[in-house]
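Work through these exercises with the sequence and the model open side by side. Try each task before reading its solution.

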Amino acid sequence: MSETFDRGMKIRREVLGNAHVDRAEAGKTEFDLPFQSLITESAWGTVWASDRITRRERSMLTIALLAATGNFEEIPMHIRATANTGASKDDVAEALQHVAIYAGVPKANHALKLAKQTYAEMEESNE
């Protein structure tokens, strides 16, 4: 693989955790290998690798963008990642306030519900 892929995999593991990445890697098939490589290189090896903003800020942006675009499926994963990025519950709540104003209350409300559920699960399992 490329240097960008290797960097992306390293950052992906740092942000999402080894357990999550190991599960994702185990589920990879020949069919989705090109897509998984694209994500690792572009999202993790390029965007998340940039030092122009902090991982905390990037985490807040990601959660807000997922909520604003209605891509709710990945919100719990990125809420769990806040344990590694430094984004606090207050940071996430503020980001979702912006979503409510600029993208709509229903989207922010659903994202907030998912965040609350995920934080509760994290506290129960001591993540």
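**Exercise 1. The main core**

Which residues of the largest nonpolar core touch the most other members? Note before starting that the model is predicted.

Solution. 
- Step 1. The largest nonpolar core has 18 residues. Those touching the most other members are Ala67, Ile75, Ile79, Val92, Leu96, Val99 and Tyr119.
- Step 2. Assign the core to elements. Helices H4 (55-68), H5 (75-85), H6 (89-103) and H7 (105-124) each give two or more residues. H7 supplies the largest share, 6 residues.
- Step 3. Look around Val99. Beyond its neighbours within four places in sequence, Val99 is in contact with Ala64, Ala67, Ala68, Gly104, Lys107 and Ala108.
- Step 4. Check for another core. A second, separate one holds 10 residues, including Met9, Leu16, Trp48 and Met77.

**Exercise 2. H5 against H7**

Describe how H5 packs on H7, then list the residues in contact.

Solution. 
- Step 1. Two packed helices are described by the angle between their axes and the distance between the axes.
- Step 2. The axes of H5 and H7 come within 9 Å and cross at roughly 50°.
- Step 3. Angles of 65 to 115 degrees count as roughly perpendicular and those under 35 as roughly parallel. H5 and H7 are therefore oblique to each other.
- Step 4. From H5, the contact uses Ile75, Pro76, Ile79, Arg80, Thr82 and Ala83. From H7, it uses Ala111, Leu114, Ala115, Thr118, Tyr119, Glu121 and Met122.
- Step 5. Sort the contact residues by type: 9 are nonpolar, 2 polar and 2 charged.

**Exercise 3. The cover on H5**

How many residues of H5 are buried, and what covers them?

Solution. 
- Step 1. H5 is mostly covered, with 8 of its 11 residues buried.
- Step 2. The buried residues are Ile75, Pro76, Met77, His78, Ile79, Ala81, Thr82 and Thr85.
- Step 3. Their cover includes H1, H2 (18-26), H3 (33-47), H4, H6 and H7.
- Step 4. Look just past the end of H5. Gly86 takes a positive phi of about 90° there.

**Exercise 4. H4 against H6**

Which residues of H4 meet which residues of H6?

Solution. 
- Step 1. The H4 and H6 axes come within 9 Å and cross at roughly 35°. This crossing is right-handed.
- Step 2. H4 brings Arg56, Met60, Ile63, Ala64, Ala67 and Ala68. H6 meets them with Asp91, Val92, Ala95, Leu96, Val99 and Ala103.
- Step 3. By type, the contact has 10 nonpolar residues, no polar ones and 2 charged.
- Step 4. Zoom in on Met60 in H4. Not counting residues up to four places away in sequence, Met60 touches Ala87, Asp91 and Ala95.
- Step 5. Met60 and Leu114 are 54 residues apart in sequence and 15 Å apart in space, C-alpha to C-alpha.

Methods
Residues are numbered from 1 along each chain as its sequence is written. This is a predicted model: local features need pLDDT of at least 70, side-chain atom pairs count only at pLDDT 80 or more; totals for chains, interfaces and linings use all residues. Side-chain values use heavy atoms; hydrogens and water are left out. A nonpolar core is a set of buried Ala, Val, Leu, Ile, Met, Phe, Trp, Tyr and Cys residues joined through side-chain atoms within 4.5 Å. Buried means under 20% relative accessible area, exposed over 50%, partly exposed in between (1.4 Å probe, protein chains only). Helices (H or I, at least four residues) and strands (E, at least two) are DSSP runs, numbered from the N terminus. Contact means heavy atoms within 4.5 Å. Axes are lines fitted to C-alpha atoms, for helices over the stretch in contact, and angles run from 0 to 180 degrees between N-to-C directions. Angles under 35 degrees count as roughly parallel, over 145 as roughly antiparallel, 65 to 115 as roughly perpendicular and the rest as oblique. Ala, Val, Leu, Ile, Met, Phe, Trp, Tyr, Cys and Pro count as nonpolar, Asp, Glu, Lys and Arg as charged, and the others, Gly among them, as polar. A crossing is left-handed if the near helix is turned anticlockwise from the far one by less than a right angle, and right-handed if clockwise.
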